Amino acid sequence: MNSRMRKHAALAVVTLAAAGALTLAACAETPAASSDAPAIQNQSKSEESMTNERNGGYATISEDEAVAMMSENSATLVDVRTAREYADGHIPGAINIPVETIGSVKPAGLQGVDENASIIVYCRTGVRSEHASNMLLNLGYKHVFDLGGIVDWNGEKVAGTEPGSFAGDAQ
């Protein structure tokens with residue numbers, strides 16, 4: 001390798017290293033936000049969820065938070081997957097309202113649910129539940145919680161077309 005080729009190779013290595021460093025720095029940066037950004041970063045998951053809810057968005061919750069809400073019977077659990085996916089296995093107590101059936105009017109399965117009631121939404125991996133959460137907010141529901149995907153659910157699952165009862169329900 002002659003000296004000219006070595007210079008080009010060295011320049012290429014330096015350029016790649018600089019590009020990698022910039023990429024890592026960009027990924028590590030937090031977006032410039034309001035003056036309360038550091039306070040939000042230090043909040044617990046529940047506090048962050050409530051902050052998201054107060055800001056007019058849905059809140060992403062953990063399995064433990066969802067179990068607590070379901071045990072208290074303080075939330076309606078909605079599976080937004082297809083009817084076939086629901087029948088193959090769902091979280092006990094969940095009603096099935098496929099995301100593609102949510103439109104400009106309140107879904108039939110939520111007709112008796114007050115707009116101020118808590119609604120927990122989940123799907124298979126979290127993509128459809130995110131979409132459905134936004135749609136439910138647009139329909140006027142004020143307390144929507146996205147559980148994400150059933151693939152991450154460690155609790156009981158039941159098969160069939162009926163909601164069943166959640167194991168944490170009072171007997």
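## Overall layout

How many helices and strands does the protein chain have? The protein chain has six helices and five strands, where helices (H or I, at least four residues) and strands (E, at least two) are DSSP runs numbered from the N terminus. Along the sequence they follow the pattern α-α-α-β-α-β-α-β-β-α-β.

A word on the basis: this is a predicted model, in which local features need pLDDT of at least 70 and side-chain atom pairs count only at pLDDT 80 or more, while totals for chains, interfaces and linings use all residues. Residues are numbered from 1 along each chain as its sequence is written, and side-chain values use heavy atoms, with hydrogens and water left out.

## Burial and contacts

Of the 171 residues in the protein chain, 33% count as buried; buried means under 20% relative accessible area, exposed over 50%, and partly exposed in between (1.4 Å probe, protein chains only). Contact here means heavy atoms within 4.5 Å. Among contacts in the protein chain between residues at least 6 apart in sequence, 66% join residues at least 24 apart.

## The nonpolar cores

A nonpolar core is a set of buried Ala, Val, Leu, Ile, Met, Phe, Trp, Tyr and Cys residues joined through side-chain atoms within 4.5 Å. The largest one has 18 residues, and L110, I119, L136 and Y141 touch the most other members. Strand 4 (118–123) and helix 6 (127–138) each supply at least two residues of this core, and helix 6 gives the largest share, four residues.

Leaving aside residues up to four places away in sequence, L110 touches T76, V78, I95, I97, I119, L136 and Y141. Apart from this core lies another, of 16 residues, including M69, Y122, L147 and I150.

## One side of helix 4

Which residues of helix 4 are buried? In helix 4 (residues 63–71), they are E63, E65, A66, M69 and M70. These residues lie on the same side of helix 4 because they cover an arc of only 160° around the axis, the arc being that of the directions from the helix axis to the C-beta atoms. Following helix 4 comes N73, whose phi is positive, near 55°.

## Two spots to look at

K106 lies over the face of Y141, at 5.1 Å from the ring centre. For such a charge, NZ of Lys or CZ of Arg must be within 6 Å of the ring centre and within 35 degrees of the ring normal.

E100 sits in the loop between strand 3 (95–96) and strand 4. This residue counts as exposed because its relative accessibility is 56%. E100 and H131 are 31 residues apart in sequence and 10.0 Å apart in space, C-alpha to C-alpha.
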